[in-house]
Amino acid sequence: MEEHKENIHDKNVSVKMSNTREDEKAKDCSRICPAGESEPQGSSSSPSGGEFSDPVYKEIAVANGRINRMTMDELRVKLADLKLDTRGVKDVMKKRLKSHYKKQKLMQFVATGGPTDTYYDYICVVDFEATCEEDNPPDFLHEIIEFPMVLINTHTLEIVDTFQEYVKPEVNTHLSDFCVNLTGITQKMVDKADTFQTVLQRVVLWLQERELGTKYKYAILTDGSWDMSKFLNIQCRLSRIRYPQFAKKWINIRKSYGNFYKVPRTQTKLSTMLEKLGLKYEGRPHSGLDDSRNIARIALRMLQDGCQLRVNERMHAGQLLPVPSSAPMEGAPPPLNPRSRD
């Protein structure tokens with residue numbers, strides 16, 4: 001329910017984004033870049049001082065300048081020569097070629113135990129579907145009716161597992177015709193489902209069985225802020241359970257995409273991101289699981305293009321806040337069963 005999420009307002013939940021400029025400037029690039037910088041540009045001098053004064057950065061800057069002057073045909077030929085993906089708009093292809101060249105130049109850092117491009121072992125994509133009306137009144141309570149997860153292995157760059165369960169709403173138990181037509185979720189499907197607290201327990205077990213947060217580092221990834229700051233936050237209040245610790249920080253792929261490919265927020269809708277990367281939507285739009293799979297495909301392409309996806313948003317005291325790029329990298333904590341608010 002990508003487009004529908006953007007029009008959601010709720011008076012009963014105090015959630016707002018911090019109005020800091022730091023959020024707008026956050027950069028989702030590799031840890032080998034200085035915080036707040038995406039990569040050396042062709043017109044810039046190499047960084048001064050510390051490890052970033054190494055001549056390798058001057059070489060990267062020179063290469064970036066050459067890439068910036070390439071035509072689309074030249075970019076496609078070069079990418080094809082390197083056996084890299086040739087799909088996408090010009091800016092995406094330029095970024096792909098720059099990232100490939102930078103990786104090649106910095107392989108010596110990795111070989112000597114330096115930082116790698118991948119911090120998380122797994123990324124878990126979540127895209128909820130929730131009850132809705134065609135024109136949601138301000139006091140409408142959105143209840144989660146589909147809980148999907150798609151698990152990405154960041155080392156093999158593959159989708160390795162999925163989870164999906166429907167959820168029975170307890171406040172507005174009858175789905176609107178608009179909601180059924182939008183999501184494809186029928187009244188019978190939710191009537192047969194378990195309540196959110198029970199489904200969340202099975203989500204926790206699913207994550208635990210894959211040793212996420214214990215043996216492997218992982219992070220949650222969403223398409224925008226709404227899934228965690230709105231839907232999950234509201235649902236936990238309605239279900240009288242505490243907000244799960246493992247979901248308090250996440251990767252907002254829209255921010256990551258915009259910062260990495262240098263595009264405005266207006267070009268970070270799911271359909272637009274797929275189009276700009278030369279991909280087509282697979283499955284049924286507004287199916288939570290299919291949306292999650294397509295979001296995962298975008299994340300995989302970004303990882304292939306050299307982006308280091310990292311946590312960039314968090315919930316604190318009921319408010320949505322940015323996580324600056326200068327913050328230490330850390331994975332989500334081990335998942336635990338939900339605790340009661342009572």
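Tutor: We will go from the whole chain to single residues.

Student: What should I know before I start?

Tutor: This is a predicted model: local features need pLDDT of at least 70, side-chain atom pairs count only at pLDDT 80 or more, and totals for chains, interfaces and linings use all residues. Residues are numbered from 1 along each chain as its sequence is written, and side-chain values use heavy atoms, with hydrogens and water left out.

Student: What is the mean pLDDT of the protein chain?

Tutor: pLDDT is the predictor's confidence in each residue, from 0 to 100. The mean for the protein chain is 85. Of its residues, 80% reach 70 or more.

Student: Where does pLDDT stay under 50?

Tutor: One such stretch is residues 9-53. A contact means heavy atoms within 4.5 Å. For residues 9-53 the model has 107 contacts beyond four places in sequence. Over residues 109-116 the pLDDT is also below 50. That stretch has nine contacts beyond near neighbours in sequence.

Student: How many helices and strands are there in the protein chain?

Tutor: Both are DSSP runs, numbered from the N terminus: helices are H or I with at least four residues, strands are E with at least two. The protein chain has 13 helices and eight strands.

Student: How much of the protein chain counts as buried?

Tutor: Buried means under 20% relative accessible area, exposed over 50%, and partly exposed in between (1.4 Å probe, protein chains only). Of the 342 residues, 51% count as buried.

Student: Which strands pair with β3?

Tutor: Two strands pair if DSSP finds at least two bridges between them. Strand β1 (residues 122-126) pairs with β3 in the antiparallel sense over five bridges. There, I123 has I152 in β3 as its bridge partner. Strand β2 (residues 129-130) is antiparallel to β3 too, over two bridges. E129 stands opposite E146 in β3. Strand β4 (residues 158-166) runs antiparallel to β3, joined by eight bridges. N153 stands opposite E158 in β4.

Student: What lies between β3 and β4 in their hairpin?

Tutor: Four residues lie between the strands. In this hairpin, L157 takes a positive phi near 55 degrees. As for cover, 10 of the 10 residues of β3 (residues 144-153) are buried.

Student: Where does helix α10 bend?

Tutor: The bend at a residue is the angle between axes fitted to the seven residues ending there and the seven starting there. Helix α10 (residues 226-238) bends by about 30 degrees at L232. The helix is mostly covered, with 11 of its 13 residues buried. Among them are W226, L232 and C236. R240 follows α10 and has a positive phi, near 60 degrees.

Student: What does V204 touch?

Tutor: V204 is found in helix α9 (residues 196-209). Leaving aside residues up to four places away in sequence, V204 touches F246, P335, L336 and N337. V204 and P335 are 131 residues apart in sequence, yet 5.6 Å apart in space, C-alpha to C-alpha.

Student: Why does V204 count as buried?

Tutor: V204 counts as buried because its relative accessible area is 0%.

Student: How many disulfides does the count come to?

Tutor: A disulfide is a pair of cysteine sulfur atoms within 2.5 Å. By this rule the count comes to zero. Two cysteines still deserve a look. C236 is buried, because its relative accessible area is 0%. C307 counts as buried at 2% relative accessibility.
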